[in-house]
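This report describes selected features of a predicted model. The sequence and structure are shown first, and the description follows.

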Amino acid sequence: MFSDFDRSAMQRALELAARALNSTGPNPRVGCVIAREGRIVGEGWHERAGEPHAEVAALRAAGPRAEGASVYVTLEPCSHYGRTPPCVEALRAAGVARVVYATADPNPQINGQGAAALRAAGLAVEGGLLEDAARELNAGFIKRMRRGQPFVRVKLAMSLDGRTALANGASRWISGEAARADVQHWRARSSAVVTGIGTVLADDPRLDVRLPQGELGGSSRQPLRVVLDAALRTPPAARLLSTGGEVLILTAAEALAGPRAAALTARGARIESLPASGGRLLLSAVLQRLGALEINEALVEAGPTLAGELLAQALADELLLYVAPKLLGPAARPLVALPELKDLGDAPAFTLIESVQVGEDLRLRLRPRNGAAN
């Protein structure tokens with residue numbers, strides 16, 4: 001049984017882990033607290049890949065007070081040599097008495113082995129404290145480890161009547177300034193921002209993170225920007241090629257032979273080919289490639305076609321939906337393009353997990369009811 005202090009210590013560890021929301025990729029977000037006799041004597045979090053893990057940072061803060069202490073960590077301690085030595089060895093060497101972790105590490109190199117190694121060294125080990133919160137914090141890392149794909153979050157903005165643009169295509173701005181600023185934080189925490197060629201041609205977006213340095217959570221990195229462009233129609237003068245950061249254009253193999261490929265490469269874009277069918281890239285192949293690139297969370301900012309395909313193929317893990325208090329009328333453009341339904345039972349259904357007012361708009365987070373488990 002876990003005590004009230006155990007729960008408060010793990011909650012603190014989760015708060016520490018969230019400090020690196022924008023900076024740890026491709027590693028998981030992990031926080032750690034070390035306590036003795038009901039008092040915290042050290043704490044730390046993993047800030048970015050290649051730097052000390054949360055347990056090591058907390059042990060350094062605790063110093064000799066770690067001997068005989070309890071350790072609360074949001075993810076099972078690692079037991080293998082990667083960019084840094086295994087945390088299991090650091091904990092054992094420090095002489096801690098007990099390790100409590102929130103959730104197992106899904107990395108096949110660890111999954112259960114870290115806890116087993118600690119028990120073999122004579123430490124008391126318990127898992128599962130505040131597990132749901134820890135899994136939510138690392139939903140992308142968990143899905144990538146288990147399925148080889150990122151957690152896919154589809155961002156959309158609509159009017160009260162479910163429209164995204166006027167019939168003539170005018171869409172700036174449906175949502176208000178506060179909502180647009182809020183999107184920057186979701187971009188910052190994502191490993192990649194994904195869009196389709198239709199959005200590039202219609203809106204010429206930048207898709208970069210525009211936040212003050214102090215709001216980036218210790219990271220100045222830009223997410224990888226990914227364009228799905230089967231026919232390689234991206235203009236070399238596109239704004240996303242002029243704002244710094246890496247741009248990956250995914251296209252069909254036959255498009256690589258045209259003159260546009262050399263022009264885009266000269267502008268700094270990386271171009272890769274993937275399987276396509278009917279003039280469209282296979283979205284399952286796109287997600288597998290992003291997983292291979294160690295993308296934990298992918299934020300999709302696209303039009304109704306790509307968003308609809310992701311939903312129709314059950315490839316979207318979450319909708320990030322901004323609802324503006326406006327009416328655009330029946331002639332305006334719809335939120336997503338979906339096949340015609342013959343039965344209401346076939347309609348994609350969602351569970352509302354969060355509702356927050358952002359300025360004048362409402363931000364909803366929804367998960368597919370039949371979504372793939374991560």
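Helix α2 lies across β1, β2 and β3, and runs at about 140 degrees to β2. The helix spans residues 54-62, and its buried residues are A54, E55, V56, A58, L59 and A62.

These buried residues of α2 pack against strands β1 (31-36), β2 (39-45) and β3 (70-75), as well as against helix α3 (87-94). After α2 comes G63, which has a positive phi, near 60 degrees.

## The sheet

Five strands form an open sheet with mixed pairing, in the order β2-β1-β3-β4-β5. Its edges are β2 and β5 (124-127), each of which pairs on one side only. On average, neighbouring strands of this sheet are turned by 15 degrees against each other, direction ignored.

Within the sheet, β1 and β3 run antiparallel and are joined by four bridges. V33 stands opposite Y72 in β3.

## Residue V88 in helix α3

V88 is located in helix α3. Is this residue buried or exposed? V88 has a relative accessible area of 5%, and it therefore counts as buried, for which the cut-off is under 20%.

Leaving aside residues up to four places away in sequence, V88 touches P77, C78, S79, G114, A117 and L118. As for L201, 113 residues separate it from V88 in sequence, and the C-alpha to C-alpha separation in space is 51 Å.

Key: Residues are numbered from 1 along each chain as its sequence is written. This is a predicted model: local features need pLDDT of at least 70, side-chain atom pairs count only at pLDDT 80 or more; totals for chains, interfaces and linings use all residues. Side-chain values use heavy atoms; hydrogens and water are left out. Buried means under 20% relative accessible area, exposed over 50%, partly exposed in between (1.4 Å probe, protein chains only). Helices (H or I, at least four residues) and strands (E, at least two) are DSSP runs, numbered from the N terminus. Contact means heavy atoms within 4.5 Å. Two strands pair if DSSP finds at least two bridges between them. Axes are lines fitted to C-alpha atoms, for helices over the stretch in contact, and angles run from 0 to 180 degrees between N-to-C directions.
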